[in-house]
Amino acid sequence: MALTDIPIFSMLRTRLEWAQARQRVLAENVANSDTPHFRPSDLAPPKFDSLSGAAPPVRLATTESGHLPGFGSAGEAFQSERQGAYDVRPAGNAVNLEDEMMKVAANQMDYQSVSALYTRSLNLLKTAIGKA
């Protein structure tokens, strides 16, 4: 059995490749921050639909009638904070450097956390087969 056949490694590798591709796109946005009529772009995150129905949603238990159900119940969808409005400078450029740098930092943190998880999963697999 190859590592590519194990779903967790396949998903982590896909996420790492997506983060690398997104970094290229964000770097292009920053590099073209002074280019007239340039519009920034971004990548949509990968979807792992094969796991979407694997487990039922987790809900908070309310054992008394006075308990609050909690925020962010499993039935709610995530909403975007940005409404899609970009500030366009007189030259027609719509790159906001602050937003792009925040995206770069978030992408870097995501990449580091996924790569750490990948490394730990590999180490766990090595321990299981007795190589560590």
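Visitor: Where is Gln 112 found?

Guide: Gln 112 sits in helix H2. A helix here is a DSSP run of H or I, at least four residues long, and a strand is a run of E, at least two, both numbered from the N terminus. This is a predicted model: local features need pLDDT of at least 70, side-chain atom pairs need 80 or more, and totals for chains, interfaces and linings use all residues. Residues are numbered from 1 along each chain as its sequence is written, and side-chain values use heavy atoms, leaving out hydrogens and water.

Visitor: How many helices and strands does the chain have?

Guide: The chain has 2 helices and 0 strands.

Visitor: Why is Gln 112 called partly exposed?

Guide: Buried means under 20% relative accessible area, exposed means over 50%, and partly exposed lies in between (1.4 Å probe, protein chains only). Gln 112 has 45% relative accessibility, so it counts as partly exposed.

Visitor: What makes His 37 count as exposed?

Guide: His 37 has 63% relative accessibility, so it counts as exposed. His 37 lies in the loop between H1 and H2. It has a positive phi of about 60°, yet is not a glycine.

Visitor: And Arg 22: why is this residue called buried?

Guide: Arg 22 has 10% relative accessibility, so it counts as buried. Its place is in helix H1. Of the 132 residues of the chain, 19% count as buried.

Visitor: What makes a polar contact with the side chain of Arg 22?

Guide: The side chain of Asp 42 does, at 2.8 Å. The cut-off for a pair of N or O atoms is 3.5 Å; within protein, one must be able to donate a hydrogen and the other to accept it, and residues adjacent in sequence count only if both atoms are side-chain atoms. Not counting residues up to four places away in sequence, Arg 22 touches Asp 42, Leu 43, Lys 103 and Asn 107. Touching means heavy atoms within 4.5 Å.

Visitor: Why is H1 called roughly antiparallel to H2?

Guide: The axes of H1 (residues 7–31) and H2 (residues 97–129) come within 9 Å and cross at roughly 160°. That angle makes H1 roughly antiparallel to H2. Axes are lines fitted to C-alpha atoms over the stretch in contact, with angles from 0 to 180 degrees between N-to-C directions. Angles over 145 degrees count as roughly antiparallel, under 35 as roughly parallel, 65 to 115 as roughly perpendicular, and the rest as oblique.
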